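Try each task before reading its solution.

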Amino acid sequence: IERINKAAKSAMASVEMDESARLATLRLGDFAGTPITSESLSLTALHEVLHVFLYDLIQTARSNDDAKIEAEEHRVINVLEKLLG
């Protein structure tokens, strides 16, 4: 996690993926007038972690391989079932 003056696209935060290392860098940026509270930090962190969580699904979807897309979709669904069930 890095603190910078501006995240990508002037966002509150951004995430950059290093696919070969299987690492993600989360950058907290300018909250642009949004009060920085425990709630806004938690929601921002959740948003960026969901980008990481869905990264493989999105990359697979870009491959246009229906079998791989279905497998990744079910991976996401299985994790969400455990979290929400």
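**Exercise 1.** What covers the buried residues of α1?

*Solution.* The model is predicted: local features need pLDDT of at least 70, side-chain atom pairs count only at pLDDT 80 or more, and totals for chains, interfaces and linings use all residues. Residues are numbered from 1 along each chain as its sequence is written, and side-chain values use heavy atoms, without hydrogens and water.

Start with the buried set (under 20% relative accessible area, 1.4 Å probe, protein chains only). In α1 it comprises Ser40, Thr44, Glu48, Phe53, Tyr55, Leu57 and Thr60. Now look for the cover. It includes β2 (13-18), β3 (23-28) and α2 (66-84).

**Exercise 2.** Describe the course of α1.

*Solution.* Take the span first. Helix α1 (residues 38-62) has 25 residues and reaches 35 Å from first to last C-alpha, close to the 36 Å expected at 1.5 Å a residue. That expectation is 1.5 Å times one less than the number of residues. Next, find the bend (the angle between axes fitted to the seven residues ending at a residue and the seven starting there). A kink of about 45 degrees is centred on leucine 54. Just after α1, asparagine 64 has a positive phi of about 60 degrees.

**Exercise 3.** At what angle do α1 and α2 pack?

*Solution.* The angle is about 160 degrees, and the axes lie 8 Å apart. Hence α1 is roughly antiparallel to α2 (over 145 degrees). Contacts (heavy atoms within 4.5 Å) involve Phe53, Leu54 and Leu57 of α1, among others, and α2 residues including Ile69, Val76 and Leu80.

Key:
Helices (H or I, at least four residues) and strands (E, at least two) are DSSP runs, numbered from the N terminus. Buried means under 20% relative accessible area, exposed over 50%, partly exposed in between (1.4 Å probe, protein chains only). Axes are lines fitted to C-alpha atoms, for helices over the stretch in contact, and angles run from 0 to 180 degrees between N-to-C directions. Angles under 35 degrees count as roughly parallel, over 145 as roughly antiparallel, 65 to 115 as roughly perpendicular and the rest as oblique.
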